[in-house]
Amino acid sequence: MITSRPQTSTITSFVFFLLLTFVVLGMNVWSVLMQPNPAWYNYVVIVLLTPIGLFVLYRIFIRYKIMRLGNNQIEINFPVLRRLKKYSLDQIDYWIEKQVKTGKSSIYKELELRFKDGNNEIIGHKEFTEYARIVQYLIQKAPKKRRSS
């Protein structure tokens, strides 16, 4: 059974980013509420940081997922949302591994799984553990479902 989850370094960096974002946001909200004439930039910071912070909070922590592959099945668990999706390999519409050259010798890889019910799951090789094993599993078990990028 292959178990893939977000890497600890990814989660740690986003926790630090969110702490910093919400501290700065809180200081600006406090400034707007407590000062009779707050500066214009306090409003700009609030307007810019609120959607960014909420988006990152939703995307990284609320949509936190754990993927398990084995026994010709794919299980996607969203522990925060208390939701579990199970698919057999026959329910894969297609899968594709995209590669983007990001620098002189650096390549970013991303795996997209599209299921017949319309659900789409994307994992990146730098964000999730066991990425190479997942790709190898799909190459062995579902080679006909692979699309070229």
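Start by selecting helix H1, residues 8-34, a DSSP run of type H or I with at least four residues, numbered from the N terminus; H1 has 27 residues and spans 38 Å from its first C-alpha to its last, close to the 39 Å expected at 1.5 Å a residue, where the expectation is 1.5 Å times one less than the number of residues. The model is predicted, so local features need pLDDT of at least 70 and side-chain atom pairs pLDDT 80 or more, while totals for chains, interfaces and linings use all residues. Residues are numbered from 1 along each chain as its sequence is written, and side-chain values use heavy atoms, leaving out hydrogens and water.

Within H1, colour the buried residues, among them Leu 18, Thr 21 and Leu 25, where buried means under 20% relative accessible area, exposed over 50% and partly exposed in between, with a 1.4 Å probe and protein chains only. These buried residues of H1 pack against H2, contact meaning heavy atoms within 4.5 Å.

Next, select Trp 40 and Tyr 41, whose ring centres lie 6.0 Å apart with planes at 80°, so the pair is edge-to-face; rings of Phe, Tyr and Trp (its six-membered ring) pair if their centres lie within 6.5 Å, and planes under 30 degrees apart count as stacked, over 60 as edge-to-face and the rest as tilted. Trp 40 is exposed at 65% relative accessibility, whereas Tyr 41 is partly exposed at 46%.

Tyr 87 lies in strand S4 and Phe 115 in strand S6, 28 residues apart, strands being DSSP runs of type E with at least two residues, and both Tyr 87 and Phe 115 are buried.
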